[in-house]
Amino acid sequence: MISQLLLIVLIINKFLKQNFMKSIIKSLIVLAAGASMAFASIASAAAFNGFANDLDVLHVTTTRASNSSWAKTATVNDGDIVSFNIYYHVTSQDAANDVKARITNLTSGTVNGSKTVTGTMSAANAASVSGSVSINTSEEMEFTLYKVMWQPNKCNVASCAQQVLNSPSSVLSSGASIGTIQGVAGLDSSNNFKYQGNVVVEFKANAVEDTPVFVAPTVDTRTESNVTTTSGVMNGSVDLSTSVDSGIVYFIWGTSSSNLQYTTPSQSVSSDQNFNQAVSGLQDDTTYYYRAVLRGDDGQTYTGDLESFRTDADSVFVAPTVDTRTESNVDTDSATLNGSVDLSTSVDSGIVYFIWGTSSSNLQYTTPSQSVSSDQNFNQAVSGLQDDTTYYYRAVLRGDDGQTYTGDLESFRTDADNPTSNNVDIDTNAASSIDDDSARLNGDVEEGDNQDVWFAFSRTDSTPSCSSSSQRVDVSGVYDSNEDFSAIVRNLIANETYYFRACTLDENGEVLSAQIRQFTTDEEDNGNNNDPAAEVDTNAATSVDEDSARLNGDLEEGDNATVWFAISSVDTTPSCSSSLQRVSVSGVYDQGDDFSRIVTGLSENTKYYFRSCALGEDGDTVSGSIRTFVTDEDDNPTNPPTSVNPDTITRLPSGITSSTATLNSYVIGNGTGTCYFQYGTSAGFGSVTPAQTVNLDNTSTCSSTRFNLQPNTTYYYRSVLVDGGQTYYGLTRSFRTNANAVVTTPSTPTVVTTPTRVITRTVTAPAAPVVDDTVTVRVVEETTRVADQPLEITKWVSAETDPEFVRVTEADRDEAVFYKVRVTNNTDEDLEDVVVIDRIPFDLELDGQESLDDDSYKEVRWNIRSLEAGESKTFITEMRVRDDVDFGDRIDSYATAFNDEYNVDSNNVVIEIEEERVASASDEEVDGSQAASIFGAGFFPTTLLGWLILLAIVLAIAYLVSRIFFSRNENERVLAELRAMQQVNRG
């Protein structure tokens, strides 16, 4: 190659010094001769399998890890590992370059019967050799690529096998590369095993099962019957099928075709039949829509067409009259609200109350209700008002027809009071929620304004001091007169007595202490700390009717737990794992939260069994005790089956930033209601959101976004619902706004999950010539406690476009992927010097500035100095899929954990590269072959045509260079003549 370079340099030099047109012909002759010599030197040929005792190119077997069972035909059964042996032997003096092994005729589809499979060995400078074998199946089989191994130098055991140099799946397309194989020096056949070997390709065979034909049942919604002003009969029929031969039928119905919110009691069916259901308590002259429904024994729901009917018109409706009358007995902090009601022939009873507040557009407070059955005056005293403040109020009637009627808006202003004093007083209240390891301390501000409060708390000191920092228990927020405050203390000792007192500062800034109280923690139930991640209790059912009831429960222990009920009328031990018995409950719940769910469509006079269920943080399902109730008999129903007890549930907030958050709640009830939120930086709230009117028959959620919040601040809030003259409060929750954003440069990695630490990991590449590198990656370490088996390791994978950690995910070229490895010490002793190795396939490269892009397997190691008993550590590493992977590739990997006592492997995880996400492999082969035909081995061509193309490129460059030098010389000549003329003129 040096001689060719010298020729090119001499030619360019010749162009620069001599006439271009004369030298070009000579140069063409010289270069053509040089190209011929170069082509002859590069195109030296190698040869495969030229000795008489060489094996056939391809053999097959269904016996793994054996070199004595190879044959030309094999019978394949379901579950077999089918191995193909592609044999090579370089029998020439010249080395074989870019040797590849390839399998054809088994790359897609299935095999049913007999199939011929071809194996080929090829090289860049040698003729290909091929061989064929036959495989036979007794049923349709699907073949999946399992493993590709290279056994060089007459290797015949698994321990000496090596990985191929490119993607293993290339064996089915462009060929699995094994690099350069040296030739036989001097045709030395006595030691020629150095120049032979084989590539073993394994497939997994699985039988293709026939998919049974599913026959759907038919549900028909039929014409209604017996329609009156307040009732009607819905009719339907069902034709079952061979796939669905039993189930339950019922109707869904309502006054809107897009919202069939009511459900009739269900009926069991096990044959083709007609069915019907009478409904009553309807509104006269109203259109109702309904649809027949079958819930099959396959768990699927099938529906009939939508039908409708209209109830008969009733007599003329006469509305009652409500009058808001002038207030009386107004004082600085109290007043009496007055009203009157005139009932009518259509509404002859109901309840009355007042709604009131300090804003005419937000009457957020409600007085207790009073029953009325005749025309009368009514009043209600209100107290705790602010002096010198305007209040607005309105009289309200909730009639026996379920409708709300209101009087006009009235207002009054309380008397002015003398300025309040600056006295401060505080009280210690009894502890509550006492458990074996926790309790809630309680206190209240008797008198004061914007008071900072805390508790002094001790187990050993019976007179805890409000001035002691070691005994101090802080309370968030500030508090005013008559406001309660509390704090939960945890990690207490079972069956021990504790002492506490409430504390604040007086008007002079001096510490003010309240009286001392005490409590004793409960006895510990099980004597260890392995309590379940959740504990749930089943409470008695309420609001039991002939076709509905409210199921109740509470979460004794847990955090962000999902809860539900299991209910059955035939199973006396309903199971929390049964999807058919499950009744879902919206939202997530924390320790001490109550939850409930109204179930409808029940059968009258029937005994039901139910229990509470919850899913803990460890993924285990826990069950409460079983309770029962009996539905009422349907003697004379007068109300629609949708009447429910109003309630509101405070949900978790959403959209939290440094200055905004959205407060959320569930609301249930009847007709029209009002919802809003109380919130603030203390448990006393202090602010309310604007009230919203909600149609409780169609809406089940309420939300309000708050702006201009303080960053990095804890806020408390709860939901409020006003329905039927009563006010209902949800549980108090809290959240913390984000800190102000910190601007970082792109080179600085941002780790969201905390705590984090920088861990050094060693990247090694077995059998690779140059990989000896130690780099630093930032990983997330999470610590939890579990109890199961000795040393346990589990691995998950996720992708940038699918962030959920699973066992199998999909990814694209150049996409970020994440491996998550968790190792757990389930013994009773601390384990020392535990090593975790996460094996990174060569199809991936470690993300970051120190990324290694090589064709080897890599390892990420974590050295854990001590893993405590029951402790679990989780590591997450970010990688990126290489941009040269083939479509359809499956990237498998696993992790290992070990020390002096244990050595365990994790489960396998898989990254699948989908065909539609990457370029076609055939396109890559075409591009690669074209490039190789032009440039060959490195820069220089391997064909005469390639040398002629290179010659044309060199001549073009030489011409351009010569023109530049010619122009420069011409300019210098003209300048020289001008200078000479100037000298003559001066003379």
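This is a predicted model: local features need pLDDT of at least 70, side-chain atom pairs count only at pLDDT 80 or more; totals for chains, interfaces and linings use all residues.
Areas are Shrake-Rupley values with a 1.4 Å probe, and for residues only the protein chains shown count as cover. I957 sits in helix α4 (residues 944-986) and, at 48% relative accessibility, is partly exposed (buried is under 20%, exposed over 50%, partly exposed in between, with a 1.4 Å probe and protein chains only).

Zooming out, the chain has four helices and 66 strands, taken as DSSP runs numbered from the N terminus (helices H or I, at least four residues; strands E, at least two). Of its 987 residues, 41% are buried. The chain exposes about 50800 Å², with carbon and sulfur atoms supplying 45% of that.

Three disulfides turn up in the structure, each a pair of cysteine sulfur atoms within 2.5 Å. C466 and C503 have their sulfurs 1.9 Å apart, and the torsion about their S-S bond is about -75 degrees, so this disulfide is left-handed. C466 lies in the loop between β31 (451-458) and β32 (472-479) and C503 in strand β34 (residues 497-505), so the pair ties together parts 37 residues apart in sequence. Both C466 and C503 are buried.

C576 is joined to C613, S to S 2.0 Å, and with -80 degrees about the S-S bond this link is left-handed. Here C576 lies in the loop between β39 (562-568) and β40 (582-584), while C613 belongs to strand β42 (residues 607-615), so parts 37 residues apart in sequence are tied together. C576 is buried at 7% relative accessible area, and C613 is buried at 0%.

The link of C675 and C702 (S to S 2.1 Å) is right-handed, with 80 degrees about the S-S bond. It connects distant parts of the chain, from C675 in strand β46 (residues 672-680) to C702 in strand β49 (residues 701-706), 27 residues apart. Both C675 and C702 are buried.

Residues are numbered from 1 along each chain as its sequence is written. Local features need pLDDT of at least 70 and side-chain atom pairs count only at pLDDT 80 or more, while totals for chains, interfaces and linings use all residues, and side-chain values use heavy atoms, leaving out hydrogens and water.
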